[in-house]
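Student: I would like a close look at one part of this model. Please take me through the salt bridges, pair by pair.

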Amino acid sequence: MTDASHTPDTPDERRADIGAPTPDELREQVEHTRDELGQTIEALAGKADVKAQAKEKAAQVSDRIHDKAAHTAQRVHDATPDPVLDAAGRVASTARANHKPLLVAGAALLIVLLVWRSRGCR
């Protein structure tokens, strides 16, 4: 038989009888709340960091553009006949070997275009 007149001996027993949390339970709840608050603050800070979001978006766009350019270059290379590729390779080699005359010719062409444009606008 149990004694119905038994009174709790410790404060913890008294709290358990009335459903109040123990100090250990309170500490655990406080720690859990702190963790949740920390996670919420980190999430809000991440959403508020516009500069970081812009950098991430720019990196994603850059990667997509790079991938598409590489894919397009490969498709053009695959569709170009071998004699044309050989000729383009020879032209590129010649241009690398004689870059000074090409630079002079390019500068002269630019000057002619600028003069022509300025006279055409008047």
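Tutor: What follows covers the salt bridges and then the chain around them. The model is predicted. A search of the whole structure turns up two salt bridges.

Take Asp 24 and Arg 27. Their side chains meet in a salt bridge, with N to O at 2.9 Å. Asp 24 is exposed. Arg 27 is exposed as well.

Now the other pair, Glu 31 and Arg 34. These residues also form a salt bridge, and their closest N and O atoms are 4.0 Å apart. The cut-off is within 4 Å. Glu 31 and Arg 34 lie in helix H2 too, three residues apart, so the separation is again about one helical turn. Arg 34 has a relative accessible area of 55%, so it counts as exposed. Glu 31 has 41%, which means partly exposed. The limit for exposed is over 50%.

As for the pairing itself, side chains of opposite charge can pair when their charged atoms come close.

Now the setting. The chain has five helices and zero strands. Along the sequence the pattern reads α-α-α-α-α. Of the 122 residues in the chain, 1% are buried. The chain exposes about 11,200 Å², and carbon and sulfur atoms supply 61% of that area.

Key: Residues numbered from 1 in each chain as written. Predicted model: local features only at pLDDT ≥ 70, side-chain atom pairs only at ≥ 80, totals over all residues. Heavy atoms only, no water. Buried < 20%, exposed > 50% of the residue type's maximum accessible area, 1.4 Å probe, protein only. Helix = DSSP H or I, 4+ residues; strand = E, 2+ residues; numbered from the N terminus. Areas by Shrake-Rupley, 256 points an atom, 1.4 Å probe, with all protein chains shown as cover.
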